[in-house]
Amino acid sequence: MQQANIPLPYFDILLEQLSLGDAAVQQAFGRHVHWGYWPNWNQADGSIGDFASAAEILCQRVYKAAGVREGDILLDTGCGFGGTIASLNEQFQNLEMTGLNIDPRQLARAKEKVKPLANNKIAFVEGDACKMPFPDNSMDVVLAVECIFHFPSRAAFFQEARRVLRPGGRLGVCDFVPASIFRLFQKLLAKMDISMITSTYGRVDSYFTVSDYQKLAKETGFNVTSIEDITSNTLPTYPVVRQIFDHAGNSDAVKATAAVEMLAKLGLLRYVIFSFTV
Ligand SMILES: C[S@@+](CC[C@H](N)C(=O)[O-])C[C@H]1O[C@@H](n2cnc3c(N)ncnc32)[C@H](O)[C@@H]1O
């Protein structure tokens with residue numbers, strides 16, 4: 001099997017299970033590889049089908065925050081298996097969409113699964129979201145759905161997004177963001193062994209707060225349009241992800257997910273949707 005250009009152990013697990021025809025992984029993560037959004041978290045029923053519907057809602061909330069409209073030229077960075085582009089393809093007409101991903105294995109699946117509908121155009125391109133292979137002023141919308149924490153630098157990503165966006169362009173991002181109180185615990189957390197988390201989720205940088213985002217937006221020429229904390233709406237994700245990794249026989253991934261879940265339930269790690277305009 002081809003390798004990712006960066007270590008992404010959870011994608012190694014998912015791709016392995018998908019190649020074995022695992023129906024549960026196919027339903028949970030065959031399209032979207034991100035957390036779910038439940039309007040009322042206490043209405044989640046814990047099933048994989050319910051999770052898949054919630055994951056669909058989450059990507060819609062991000063692209064609605066970015067104000068996608070008919071005729072847009074749109075770039076979805078860190079596009080996974082192309083699930084957000086698949087959703088946009090079903091909801092809109094006359095979109096020109098490009099999915100960018102550093103992992104050719106995911107792009108191969110995206111190309112196989114996502115075919116243009118309704119006069120839309122779709123391309124999937126291999127590359128780094130911090131060195132976008134696109135000209136200046138070439139996009140109306142840039143999205144980063146649950147992937148920015150993997151990128152080499154949020155600052156480089158914002159500079160690139162600013163460069164490729166046209167005047168009036170829009171950026172939608174969702175990310176795991178530490179609560180401001182997190183800083184108080186930072187010394188304690190620095191002592192925690194996070195190798196368990198990185199051995200499942202790869203390189204993650206979740207030390208970027210809401211105020212860090214506001215500052216970065218200002219420095220890179222964006223206005224902040226909206227900031228929505230949806231932490232409680234995402235919490236039912238964790239038991240489902242633990243169940244999937246358990247089913248795949250990976251107890252380290254179950255423990256890593258439980259550790260992130262604990263931080264989210266304590267309110268230390270927030271889940272936030274941001275939108276920005278040029
Ligand atoms: C949690 S997945 C999210 C996938 C997709 N956005 C979704 O919501 O289904 C994170 C994604 O970021 C991609 N990624 C990580 N680093 C990247 C980089 N430097 N440039 C582009 N994509 C990257 C991974 O390959 C993976 O597809």
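Let's start at helix α9. Y213 is found in this helix, which spans residues 210-219. Helices here are DSSP runs of H or I with at least four residues, strands are runs of E with at least two, and both are numbered from the N terminus. Y213 is buried, with a relative accessible area of 0%. Buried means under 20% relative accessible area, exposed means over 50%, and partly exposed is in between, with a 1.4 Å probe and protein chains only. Now take E16. Y213 and E16 are 197 residues apart along the chain, and their C-alpha atoms are separated by 35 Å.

A word on the model. It is predicted, so local features need pLDDT of at least 70 and side-chain atom pairs count only at pLDDT 80 or more, while totals for chains, interfaces and linings use all residues. Residues are numbered from 1 along each chain as its sequence is written, and side-chain values use heavy atoms, with hydrogens and water left out.

On to the ligand. Where does the ligand sit? In the second largest pocket. The pocket search runs on a 1 Å grid over the protein atoms alone; a pocket is an open set of points, where a 1.4 Å probe fits, with protein on both sides within 12 Å along at least five of seven lines. A molecule sits in a pocket if more than half of its atoms lie within 2 Å of its grid points.

Which residues come nearest to the ligand? Of the 23 around it, they are V33, H34, G78, N101 and Q106. Near means that a heavy atom of the residue lies within 4 Å. The shell divides into 12 nonpolar, eight polar and three charged residues. For these classes, Ala, Val, Leu, Ile, Met, Phe, Trp, Tyr, Cys and Pro count as nonpolar, Asp, Glu, Lys and Arg as charged, and the others, Gly among them, as polar.

Now the polar atoms. The side chain of N101 has an N or O atom 2.7 Å from a ligand oxygen. For Q106, a polar side-chain atom lies 2.5 Å from an oxygen of the ligand. With D128, the ligand atom is a nitrogen, 2.9 Å from an N or O atom of the side chain. The ligand on its own has 590 Å² of accessible area, and the protein covers 99% of that. Those areas come from the Shrake-Rupley method with a 1.4 Å probe.

Back to Q106. Its side chain joins that of D103 in a polar contact of 2.8 Å. Such a contact is a pair of N or O atoms within 3.5 Å; within protein, one must be able to donate a hydrogen and the other to accept it, and residues adjacent in sequence count only if both atoms are side-chain atoms. D103 is in the loop between β2 (96-101) and α5 (104-113). D103 counts as buried, at 0% relative accessibility.

Next, strand β1, residues 73-77, which holds T77. T77 is buried at 0% relative accessible area. A polar atom of its side chain lies 2.7 Å from the backbone oxygen of L143.

A118 is not a glycine, yet its phi is positive, about 45°. A118 is partly exposed at 39%. N119 is found in the loop between α5 and β3 too. Its phi is near 65°, again positive without being glycine. Is N119 buried or exposed? Exposed, with a relative accessible area of 62%.

Last stop: L268, in the loop between α12 (251-265) and β7 (269-277). L268 counts as buried at 9% relative accessibility. L268 and I181 are 87 residues apart in sequence, but 7.1 Å apart in space, C-alpha to C-alpha.

Definitions and conventions
On a 1 Å grid over the protein atoms alone, a cavity is a set of points where a 1.4 Å probe fits but cannot get out, and a pocket is an open set with protein on both sides within 12 Å along at least five of seven lines; lining residues have an atom within 4 Å of a point.
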